[in-house]
Amino acid sequence: MFSTGQLIFGILFFIAFVIVIAFQYRKDLPLHKKYYKGTVWILIAFIGFIGLIAAVKFIFM
């Protein structure tokens with residue numbers, strides 16, 4: 001399906017992409033802690049809401 005060169009390029013691109021994303025996240029971590037306090041509660045509420053929708057679907061179907 002893919003040639004050897006395409007597979008090598010895809011793997012190297014993925015590795016480089018993950019390294020760059022990790023580096024940028026570490027660099028921005030102090031800003032994230034400063035400006036995004038309390039967002040974990042929004043995530044928990046969102047997951048709970050999706051869970052509630054799934055529970056209602058399985059209970060009434």
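## A residue on the helix

F17 counts as partly exposed, because its relative accessibility is 47%, which falls between the 20% limit for buried and the 50% limit for exposed. The model is a predicted one. F17 has its place in helix α1. Between F17 and F49 there are 32 residues in sequence, and their C-alpha atoms are 32 Å apart in space.

A16 also lies in helix α1. With a relative accessibility of 38%, A16 counts as partly exposed. A16 and I47 are 31 residues apart in sequence, and the distance in space is 31 Å, C-alpha to C-alpha.

## Aromatic rings

Under the pairing rule, the count of aromatic pairs is 2. In one of them, the ring centres of F13 and F17 lie 6.3 Å apart and the ring planes meet at 15°, so this pair is stacked; the cut-off for stacked is under 30 degrees. F13 and F17 are 4 residues apart in helix α1, which means that about one helical turn separates them. Together with F9, the residues F13 and F17 form one aromatic cluster.

A ring is also involved in a contact with a charge. The charged end of K57 sits over the ring of F58, at 5.3 Å from the ring centre.

## Helix α1

Helix α1 covers residues 4–35, a run of 32 residues.

Helix α1 has a kink of about 50° at D28.

## The whole chain

The protein chain contains 2 helices and 0 strands. Its radius of gyration is 20 Å, whereas the globule rule gives 10 Å for 61 residues; the value for the chain is well over that, so the chain is more spread out than a compact globule. Along the principal axes, the C-alpha atoms fill a box of roughly 50 × 40 × 10 Å.

What share of the 61 residues counts as buried? The share is 0%. The accessible surface of the protein chain is about 6100 Å². Carbon and sulfur atoms account for 79% of that surface.

Note on methods
Residues are numbered from 1 along each chain as its sequence is written. This is a predicted model: local features need pLDDT of at least 70, side-chain atom pairs count only at pLDDT 80 or more; totals for chains, interfaces and linings use all residues. Side-chain values use heavy atoms; hydrogens and water are left out. The expected span of a helix is 1.5 Å times one less than its number of residues. The bend at a residue is the angle between axes fitted to the seven residues ending there and the seven starting there. Buried means under 20% relative accessible area, exposed over 50%, partly exposed in between (1.4 Å probe, protein chains only). The radius of gyration is taken over C-alpha atoms; the globule rule is 2.2 Å times the number of residues to the power 0.38. Accessible areas come from the Shrake-Rupley method with a 1.4 Å probe; for residues, only the protein chains shown count as cover. Rings of Phe, Tyr and Trp (its six-membered ring) pair if their centres lie within 6.5 Å; planes under 30 degrees apart count as stacked, over 60 as edge-to-face and the rest as tilted. A charge sits over a ring if NZ of Lys or CZ of Arg is within 6 Å of the ring centre and within 35 degrees of the ring normal.
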